[in-house]
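Dear colleague,

Please find below the structure that I am handing over to you. My findings follow directly after it.

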Amino acid sequence: MLLIDCPYCGPRSEIEFRCGGESHVQRPGPHDAASDEQWADYLFYRHNPKGEHRERWLHMAGCGQWFNVARDTVTHKITAIYRMGETIDAGAGS
Amino acid sequence: MTRTYSALSLLREGFNAQQGWQPAWRDAEPKSHYDAIVIGGGGHGLATAYYLAKNHGITNVALIERGWIGGGNTGRNTTIIRSNYFFPETANFFEFSVKLYEGLSKALNYNIMFSQRGMWTLAHDRHGLEMLRRSANAMLLNGIDAELHDGAMVRKLIPGLNENPRFPILGGLNQPRGGSARHDAVAWGYARAASALGVDIIQNCEVHDFIVENGHVRGVVTSHGAIRSDTVGMAVAGHSSVVAAKAGVRLPIQSFALQAFVSEPVKPCLDTVVLSPATGTYLSQSDKGELVLGAGLDLYLSYAQRGNIPWMERAAAGVVELFPAFSRLRFLRQWAGICDVVHDSTPIISKTDLGGFYVNCGWGTGGFKAIPAGGWCLAHAMATGEAHPLARGFGLDRFRTGALIDEASASGIAH
């Protein structure tokens, strides 16, 4: 069970949150210049690492804010939490 | 020495102090070269190896497994077999699988304990009932038998349902030929039959890397050294992304944990399989007497084979809501399996951009019921280089062309 430290509300139980999937996915564009491969990549292909993963979470039953989490997919240990629009270096969380 | 299992062989071994039984399959050491390599010793991999030998006459096959056979998701699922899908492509494929299961004990000479005890989906509101009606019509149009019953009949046919539930039971859809089988027996039965045809089953052998020359696979590097072959199939659902990445192949898969539980064993009390999407419950009773129940996916990426507590509570609450008599039972075991989740909830059986490398993956939460057909179709692809007619819509190209088979929406799969 995860204890997630919401940057706005502090540590709360995972049942208050919802995971929104991989962070930092960039929409290809302009739309009429992107190839089928680029669209497939954007729509369906995600990083699925066995290890650290950057993902978006929503504090659904709290402040309603989105933020980023770096979390290990094997141990589930959360190594970094940072706000939307921010980035951190690869491995910076661990 | 006893090679075939029968009533007669039981009798003979009874008189022989049980001395003549042989190990069911050979635990092999790898040779340096094979005609085909199958990675993954779960149900799908073992079935693939068996059908390569049986259907295509390719017997110089290595099946390599990182742990022990049947120890991954084959040993972690709730063993339900059904074909209640919506679109013709998926319905035909899963129905073919159910039919193979029906003849499997005989074909493998191994009792897989397939019990066609029916598989119920319950509706608790008018909209749920409309969805069941739609589902029943789709099944009938696809030539799969289905029975729609009203609430009174559901109560009559399923013992022990709550007399006064919070969510009224308005109706139910039964697939009478659905049911459950013994998961280990499916793995062991395929292993034994494949081994008898000459397949080398190599356990405790992990794939570290792929040997690739000019865009074509030429073998794998394993913890037992290099094994060469120009045809490699992969059936490692749960870790599909991880293994395929070693071959430089990306897959549109995300890995999530799905947990299941068994209660302490009790006397026979539930003679069918019950799924209630509204209460988040599915359960059946094993031959050992344990209630087997499952939860939903933990909706964040995970390779940890354990589930979270909120889902455990929700699954238990759903069971108690439907069957109050089970409220005093205790959980005996809890575990999770890692599921390959694909955007459209339709499996992938496909060639890849790497020549000679074929994948069987993307089973979501329901790979067990597809084991015979999944193995059949991957073996066909590996042997002929072409997709089996039943798996033509299951290629990786669908994510580029947009020709998805969207069972995620159509049959209400919850992920």
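B:Ser241 counts as buried because its relative accessibility is 12%, where buried means under 20% relative accessible area, exposed over 50% and partly exposed in between (1.4 Å probe, protein chains only). This residue belongs to helix H8 (residues 240-246) of chain B; helices (H or I, at least four residues) and strands (E, at least two) are DSSP runs, numbered from the N terminus. Not counting residues up to four places away in sequence, B:Ser241 touches A:Asn48, B:Leu251, B:Ile253 and B:Tyr303, a contact being heavy atoms within 4.5 Å. From B:Ser241 to B:Ile253 there are 12 residues in sequence and 6.7 Å in space, C-alpha to C-alpha.

As to provenance, this is a predicted model, in which local features need pLDDT of at least 70 and side-chain atom pairs count only at pLDDT 80 or more, while totals for chains, interfaces and linings use all residues. Residues are numbered from 1 along each chain as its sequence is written, chains are lettered from A and ligands numbered from 1 in the order in which they are written, and side-chain values use heavy atoms, with hydrogens and water left out.

B:His124 lies in the loop between strand E4 (119-123) and helix H5 (126-141) of chain B, and is buried at 7% relative accessibility. Its side chain forms a polar contact of 2.7 Å with that of B:Ser276 (a pair of N or O atoms within 3.5 Å; within protein, one must be able to donate a hydrogen and the other to accept it, and residues adjacent in sequence count only if both atoms are side-chain atoms). The side chain of B:His124 also reaches the backbone oxygen of B:Pro168, at 3.4 Å.

Turning to helix packing, helix H2 (residues 43-56) and helix H7 (residues 183-196) of chain B have axes that come within 9 Å and cross at roughly 30 degrees. Axes are lines fitted to C-alpha atoms, for helices over the stretch in contact, and angles run from 0 to 180 degrees between N-to-C directions. H2(B) and H7(B) are therefore roughly parallel (under 35 degrees; over 145 is roughly antiparallel, 65 to 115 roughly perpendicular and the rest oblique).

H2(B) also packs against helix H10 (residues 371-384) of chain B, at an angle of about 55 degrees and with the axes 7 Å apart. This makes H2(B) oblique to H10(B). Among the residues making this contact are B:His44 and B:Tyr51 of H2(B) and B:Trp376 and B:His380 of H10(B).

Yours sincerely
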